[in-house]
Amino acid sequence: MTSQITLQRPDDWHLHLRDGDMLRAVLPSTATHFARAIIMPNLVPPVVTAADAVAYRDRILSALPDGSTFEPLMTLYLTEQTDPDDVAAAHASGLIKAVKLYPAGATTNSASGVSHFDSVRPTLERMAEIGLPLCVHGEVTDPNVDIFDREAVFIDRILDPMRRSTPGLRVVMEHITTSNAVEYARSQDDTLGATITTHHLVINRNHILSGGIKPHYYCLPVAKREEHRLALRCAATSGEARFFLGTDSAPHTDENKLLPCGCAGCFTAPNTMSILAQVFEDDCALDKLEGFTSLNGPAFYHLPVNEETLTLTKGNAVTYPSHVETPDGPVTVFDPGYDLNWRVT
Ligand code: NCD
Ligand code: ZN
C-alpha cells in the first residue's frame, strides 16, 4: 500500500485571494503548498486594466510570508469596455496569463461582467491571435433557467457559438460541475481545457440541502446531482491532459456566509492537497494525481512544470484548523466530512 507520494510542486489554476486584511490572512494557505496560482480578478472594483493588475500583483507580493517564492499569475476581468490593445500589451509584457469572462450577474462581484457577448468580440479575436487564454465562468444568468441547468445551457447557448465564431481562441471552462461539461470538453480539440475544484469532487447537492442547509457548502456553480460528481471524479482521475486543478478557493467571512442571503464560495486552500490525495487514492488513481495538480495545467498554459516537489505522507488523521482568523472575523475551512490521512510533509 502506498504511504508516500512525491509530486512536482502543484499549481492552482483558479484562486480567489481577495485584498487587504483578507489577502494577508489567506495567502499563506496557498503559498505553503502551491508554487503558482491563476489569480481571479473579481475584486471591488475589479482588476480591469494592466495598471490594475500591476498594482494588485504588487499587493500580493508584499503580503507573502518572508522567503516565499509563490508566483501569482495575473488575469484581467473582461468588461464590455475592455481595450484589446491594453490586453495585448499586458500579455506581451508577461504580466497576465489569462483574461476572465464573467457573465454579468453570474456570481460574486460579477456586475461589471459581460451582458452582450458581441461587444467583447474584438478582444476575443485579439486573444485568439496572440494565444492568450480566456477563463470562462460558464453559467447563463437567464432567470428562467433553473440554477442547476445554468452550466449546461451556457455551453449550448454561449460557449460553443463563441468558440465557433472565434477559431483558435484558447478557453478554460472554469470549475466545471456537470457531466455535460465533461463531455463537451472531451469532444473538443486542445484549445479547450477545464478546471475542476476540490469541493466538487467531494460534495453533491444533497450535502448542501439535505438534513439542514449547509452554507459552507454553497458555492457557484452550485454542486449538482451525484451522477455529475461522479463524472467529475472520472475526469479528474483520468489523467487526460485537458482536466486540471483550479480550486476556486473563495474565502468569505463566516458572517457573510451565514446571512439570510449568504455569499457563495468554499475555502479549500488549506486542506486541498490532503483531500485530493484521499480522493485519488479512493479512486485507485494516485498515479494520476500529479498530472491533475502539477503537469496538465502548465501544459495548457504553455508554462514550465515547477522544479521543486511536494511530498504527501499517509498516516494518522490530519487535522486542519476549522477556521482561518482575519481582522474581519473567521473564515471557515472546507470540511470534506471525513477523516483525512494524507499530510503534506
Ligand atoms: C467566487 C467568489 O466568491 O469570488 N464564489 C464561488 O462560489 N466560487 C466567485 C466564482 O468563482 O464564482
Ligand atoms: Zn472562482
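**Note on the ligand and zinc sites**

1. By class, the shell of ligand 1 holds four nonpolar, nine polar and two charged residues. Nonpolar here covers Ala, Val, Leu, Ile, Met, Phe, Trp, Tyr, Cys and Pro, charged covers Asp, Glu, Lys and Arg, and polar covers the others, including Gly.

2. The model is predicted: local features need pLDDT of at least 70, side-chain atom pairs count only at pLDDT 80 or more, and totals for chains, interfaces and linings use all residues. Residues are numbered from 1 along each chain as its sequence is written, ligands are numbered from 1 in the order in which they are written, and side-chain values use heavy atoms, without hydrogens and water.

3. A nitrogen atom of ligand 1 is 3.1 Å from a backbone N or O atom of A264. The protein buries 100% of the 310 Å² that ligand 1 exposes when taken alone (Shrake-Rupley method, 1.4 Å probe).

4. The zinc ion (ligand 2) has H14 (NE2), H16 (NE2) and D248 (OD) as protein donors, 2.0 Å away (donors are N, O and S atoms within 2.8 Å of the metal, or 3.2 Å for Na, K and Ca). Their spacing in sequence is H-x1-H-x231-D.

Terms used:
Polar contact = N/O pair within 3.5 Å; in protein donor to acceptor, adjacent residues only side chain to side chain.
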